[in-house]
Amino acid sequence: AVKLVHGYCRPLIWAAHSPLEIARLGGIQALVTAIKEHPTHAVVQEEACGTLLTLAAGNDENRAQITG
């Protein structure tokens, strides 16, 4: 998951047609899993949290999925 998250979160946002598409494809769960599995990896935490913040901004469906 580190390889998935490290350096690839922002392009994931830019490449997707919408934040809902990322959620539909399982991107939110992948980011949450990466955060949980790599609690001491600062780059993973920063990239994944920043991407989740972007996905949650102004999107109630994504926010609900992120907060569970």
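**Reading the fold**

Tutor: Of the 68 residues in the protein, 35% count as buried (under 20% relative accessible area, with exposed over 50% and partly exposed in between, using a 1.4 Å probe and protein chains only). This is a predicted model, where local features need pLDDT of at least 70, side-chain atom pairs count only at pLDDT 80 or more, and totals for chains, interfaces and linings use all residues. Residues are numbered from 1 along each chain as its sequence is written, and side-chain values use heavy atoms, leaving out hydrogens and water.

Student: What pattern does the protein follow along the sequence?
Tutor: Helices (H or I, at least four residues) and strands (E, at least two) are DSSP runs, numbered from the N terminus. The protein has 6 helices and 0 strands. Read along the sequence, that gives α-α-α-α-α-α.

Student: What share of contacts between residues at least 6 apart in sequence joins residues at least 24 apart?
Tutor: A contact here means heavy atoms within 4.5 Å. Among contacts between residues at least 6 apart, the share joining residues at least 24 apart is 61%.

Student: At roughly what angle do the axes of H4 and H5 cross?
Tutor: Two packed helices are described by the angle between their axes and the distance between the axes. The axes are lines fitted to C-alpha atoms, for helices over the stretch in contact, with angles from 0 to 180 degrees between N-to-C directions. For H4 (residues 27-37) and H5 (residues 42-56), the axes come within 9 Å and cross at roughly 150 degrees.

Student: Which residues of H5 does H4 meet, and how many residues of the contact are nonpolar?
Tutor: From H4, Ile28, Leu31, Val32, Ala34 and Ile35 meet Val44, Gln45, Ala48, Cys49, Thr51, Leu52 and Leu55 in H5. Ala, Val, Leu, Ile, Met, Phe, Trp, Tyr, Cys and Pro count as nonpolar, Asp, Glu, Lys and Arg as charged, and the others, Gly among them, as polar. The contact of H4 with H5 has no charged residues, 2 polar and, for the class you asked about, 10 nonpolar.

Student: Is Leu52 buried or exposed?
Tutor: Leu52 sits in helix H5. Leaving aside neighbours within four places in sequence, Leu52 is in contact with Ile28, Leu31, Val32, Ile35 and Ile66. Its relative accessibility is 8%, so Leu52 counts as buried.

Student: What is the relative accessible area of Asn62?
Tutor: Asn62 belongs to helix H6. Not counting residues up to four places away in sequence, Asn62 touches Pro19, Leu20, Ala23, Ile28 and Leu55. Asn62 is buried, and its relative accessible area is 1%.

Student: How far apart in space are Pro19 and Asn59, C-alpha to C-alpha?
Tutor: Pro19 lies in helix H3 (residues 19-24) and is partly exposed at 36% relative accessible area. Beyond its neighbours within four places in sequence, Pro19 is in contact with Leu55, Asn59 and Asn62. Pro19 and Asn59 are 40 residues apart in sequence, and their C-alpha separation is 8.0 Å.

Student: Which side chains meet in a salt bridge?
Tutor: A salt bridge is a side-chain nitrogen of Lys or Arg within 4 Å of a carboxyl oxygen of Asp or Glu, and the structure holds 1. With 2.8 Å from N to O, the pair is Asp60 and Arg63.
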